[in-house]
Amino acid sequence: MALVSRGFSGRRRDDDVKLPPGQYLTEDFPVLSAGPTPQVRTERWEFTITTETGEEHRWDWAALRALPAEHFTTDLHCVTKWSKLGTMWEGVSLDTLFADVETTADYALAHSYGGYTTNLPLEDLLDGQAWIAFSYGGEDLTAEHGGPARLLVPHLYLWKSAKWLRGIRLVNEDTPGFWEGVGYHNYGDPWREQRYWGD
Ligand SMILES: Nc1nc2c(c(=O)[nH]1)N[C@H]1C(S)=C(S)[C@@H](COP(=O)(O)O)O[C@H]1N2
Ligand SMILES: [Mo]
């Protein structure tokens, strides 16, 4: 499948493809991490959803992998202007993880092993728009790309897709995450080119 997608996109020119404004196509998969890559062993991995009332829903690695997983193909758009089309993943839909979570909160703050955070409206994590991904291109997700498991919210700029995902906290009031707090756009829609505050 890598051959098919490489051959296909290799014949395309940037202007043949509908890319979000200001983006260019790339074939490779750049690594963008704000700090060192945490080495998280699956034996010690856990993921927690904490509601606005403090209720915790927790999964260890076996519990995550026991859930129904989905194969999906999606385009990635990084705020540093590269886009990568047709990437192939496997993961658990956030709809599955939120199935038994009772909340009236409007916002979510994703947090990672290593301390990274990013905020987004809860509704952007639901309805088939977001996954905890553990496989990329048919292989276990590598640590540099967020393995053992990362958030993937491909309709927003890729900084919203927290690598080494550890938990999601539901909150009534939106609070900026790591990049949002230093000037990146609070929402980050690539099609509206929401790169920085004020865009
Ligand atoms: N935990 C964590 N997640 C993160 C980041 C990070 O530094 N730490 N960088 C973000 C940014 S800015 C981008 S563009 C993507 C890059 O993902 P990649 O390294 O797999 O290309 O991860 C996002 N998720
Ligand atoms: Mo990024």
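Trainee: Is Glu193 buried, exposed or partly exposed?

Mentor: Partly exposed, because its relative accessible area is 27%, and the buried class stops under 20% while exposed starts over 50%. Keep in mind that this is a predicted model.

Trainee: And where is Glu193 found?

Mentor: In the segment after S11.

Trainee: What about Trp164, what's its phi?

Mentor: Positive as well, at about 50°, although Trp164 is not a glycine. Trp164 lies in the loop between S10 and strand S11, which runs over 165–171.

Trainee: Buried or exposed, that Trp164?

Mentor: Buried, because its relative accessible area is 7%, and under 20% counts as buried.

Trainee: OK, new topic. Which residues does the cis peptide bond join?

Mentor: Gly147 and Pro148, with omega at about 15°. Pro148 sits in the loop between strand S9 (139–140) and strand S10 (150–152).

Trainee: Now His77. Where is that found?

Mentor: In strand S4. His77 counts as buried because its relative accessibility is 4%.

Trainee: What does the His77 side chain make a polar contact with?

Mentor: The side chain of Ser83, at 2.7 Å. Setting aside neighbours within four places in sequence, His77 is in contact with a whole list of residues, including Pro20, Trp82, Leu156 and Trp191.

Trainee: Where does Lys81 lie?

Mentor: In the loop between strand S4 (70–77) and strand S5 (82–93). Lys81 counts as partly exposed because its relative accessibility is 37%.

Trainee: And which residues is Lys81 in contact with, leaving aside neighbours within four places in sequence?

Mentor: Gly22, Gln23, Tyr24 and Arg195. Gln23 also turns up among the contacts of His77.

Trainee: Last one: which residues does the UniProt domain annotation cover?

Mentor: Residues 35–179, in an unreviewed entry, under the label "Oxidoreductase molybdopterin-binding". In this model that span is 7% helix and 41% strand, and its end C-alpha atoms lie 13 Å apart.

Note on methods: Residues numbered from 1 in each chain as written. Chains lettered and ligands numbered in written order. Predicted model: local features only at pLDDT ≥ 70, side-chain atom pairs only at ≥ 80, totals over all residues. Heavy atoms only, no water. Helix = DSSP H or I, 4+ residues; strand = E, 2+ residues; numbered from the N terminus. Buried < 20%, exposed > 50% of the residue type's maximum accessible area, 1.4 Å probe, protein only. Contact = heavy atoms within 4.5 Å. UniProt positions renumbered as here; feature names shortened; annotations may be inferred. Polar contact = N/O pair within 3.5 Å; in protein donor to acceptor, adjacent residues only side chain to side chain.
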